[in-house]
Amino acid sequence: QFKQGFKYFAFISLASAVLYGLVLLLGLLVGTLLLPEIHIGIYAIVGSALVLVLWLATTWVALAYKKKAALICWIHPITNLAFIVLWNKFSIIESSIALGHSPVIAVLKLAVASIILLIAVAALVFIINAPTKRNFGISTIDTITMFFAQWVSGSKGLEDILAATGETITTQVGVVTFKHGKETKATFIVPQIHYGPIGNLGGSEFPGLLSISMAKETGTPVVVFKGAANHDFNPVYSSDLKIIQDAAREAIKENETRQSSNAAFIRGRKGYSQVFGLDVNGTAFLTLSRQPQNCEDIHQALGRSLYNKALACGFKEAIIVDRHHCKVDGSLIGPGSKEYYDYEKAIESHIKFQGKIGMGIAESRHGFKLEDGIGSGGLKTVTFHIGRKKACFIVVDANNCNPEFRSAIVARARQKHEFDFVDLLTTDSHAVNSISGIHNPLGERVDKAVFLAEVEKTVDAAVANITPVTAGASVKEVELEVLGPQRSSELMITVNSIFAVLKILAPIIF
């Protein structure tokens, strides 16, 4: 922890030195060209006051030191001024920066300048906090502080703040169980939630945690997929994983009596909107993609509409999966868009390939890390035979994928095997986003050669692992506290209003 803290302090010190140097440089230019009567010592005081504010802001907000920051922020500027005063007093070198020979006077000047700047900052803080206090009862500054605390040290304090804005919603958890004889071979789990917001907060780590915990209970691999949901459906508390686990356990138990050796591949397409999946004893397991177009979050309401469309097409139940695997420029699909209706038509016009089902599964043992853009759920490959048709799902606990790398992954999987369908699916885990702050798609940082070699290994292993199986599926409803669509829109409006006011008032205050 000391090493990590020292790293941040060193960076703040560097930023402070740069800021101080820029202020002195500005003073020299202004003194030479415009206002020669203002002594350079004034700029040294102002620069030190700005350094104090910088240290206060970064240690209070970014490092979450809070009251300790009020003491830490004085160290750098006071030692800086003491250095100048002592050099001037003892004439160690010639200096054009005169602050007086009394350290007390220098500190007093610094205090006056700092108080003026801190009053300005306090005014800005009041303006920033007022709208969120009034609308949500939370402090914007506290929220930012807790965000950085999570980013820097993994603190979960932000969850309690987000809970103040949360809503309770009802959503679904879909589970498909595959059995070889009497033994479970693998389990698919699809919570219709979004795995965010970031790092270890809320549901960000759910895909990895859920696959690991449920695999320990079942003694077999568990593959977690992304449902149709966007940031509105971020769970507020990471502890709500237990609710998903309980629903999955109940579904697994129910699937014991729903097993069938007959299944079908489902395939449909309209324009760029593609549907591929399985008919498992009357339940449609449908994966959606629009690659090579942008494949980002599918709004939960649209996912629910596609769920209902599948039921209208004769399925008893449906589980909607977002492949979330092609990150390019493009907007999310919205209600009433052509893209959405293309998905509906793809489901309506689907064709089936029926037969006895065989399945194989393999997991990569390579220790991929968050820095690689891969969460603890890792890389898993699932292969299917139904009749004469063969399919392959490559599932990675990642947040989307660069399109070129996705194509390379698919090509490597096809290299030795004649699949009728093969594709990459990512979980949209936001645990990996703590590395880059916003986006860390697969292919951005991972060693591509190593990853492609692991894909080839797991595909070969999954093909070799294929055995006849039976399959059963269930869908369970759960209640979770999430950020919610109502609060999300209110929050965005509030943030926009804060920035609109700050554009005018911030320059005036300073």
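Let me start with a term: contact means heavy atoms within 4.5 Å. Helices (H or I, at least four residues) and strands (E, at least two) are DSSP runs, numbered from the N terminus. Axes are lines fitted to C-alpha atoms, for helices over the stretch in contact, and angles run from 0 to 180 degrees between N-to-C directions.

Hello everyone! What we have here is a predicted model, in which local features need pLDDT of at least 70 and side-chain atom pairs count only at pLDDT 80 or more, while totals for chains, interfaces and linings use all residues. Residues are numbered from 1 along each chain as its sequence is written, and side-chain values use heavy atoms, with hydrogens and water left out.

Let's begin with a sheet. Strands count as paired if DSSP finds at least two bridges between them.

If you want a spot to look at, find Thr177, which stands opposite Thr187 in S2.

For the wording, angles under 35 degrees count as roughly parallel, over 145 as roughly antiparallel, 65 to 115 as roughly perpendicular and the rest as oblique. H7 passes H8 in a right-handed crossing. A crossing is right-handed if the near helix is turned clockwise from the far one by less than a right angle, and left-handed if anticlockwise.

On the H7 side, the residues that meet H8 include Phe206, Leu209 and Met214, and their counterparts in H8 include Leu241, Ile244 and Ile252. The residues of this contact divide into eight nonpolar, three polar and two charged. Here Ala, Val, Leu, Ile, Met, Phe, Trp, Tyr, Cys and Pro count as nonpolar, Asp, Glu, Lys and Arg as charged, and the others, Gly among them, as polar.

H9 (300-312) and H10 (338-348) pack at an angle of about 20°, their axes being 10 Å apart. That makes H9 roughly parallel to H10. Their crossing is right-handed. Among the residues in H9 that meet H10 are Leu302 and Leu306, and Tyr340 and Ile347 are among those on the H10 side. This contact has six nonpolar, one polar and three charged residues.

Next, strand S8 (residues 351-363), which runs antiparallel to S4 and is joined to it by six bridges. Phe265 stands opposite Phe353 in S8. Seven bridges join S8 to S9 (residues 379-386), and these two also run antiparallel. There, Met359 stands opposite Phe384 in S9. S8 also pairs with S12 (residues 467-468) in the antiparallel sense, over two bridges.

Time for some charges. Side chains of opposite charge can pair when their charged atoms come close. How many salt bridges does the structure hold? There are 20, a salt bridge being a side-chain nitrogen of Lys or Arg within 4 Å of a carboxyl oxygen of Asp or Glu. One joins Lys179 and Glu256, with the closest N and O atoms 3.4 Å apart. This pair links distant parts of the chain, 77 residues apart: Lys179 is in S1, and Glu256 is in the loop between H8 and S4 (262-270).

Most residues other than glycine have a negative phi, and most peptide bonds are trans. Yet a cis peptide bond joins Gly196 and Pro197, with omega about 15°, and Pro197 sits in the loop between S2 and H7. Another cis peptide bond joins Gln291 and Pro292, with omega about 10°. His324 has a positive phi of about 45° although it is not a glycine.
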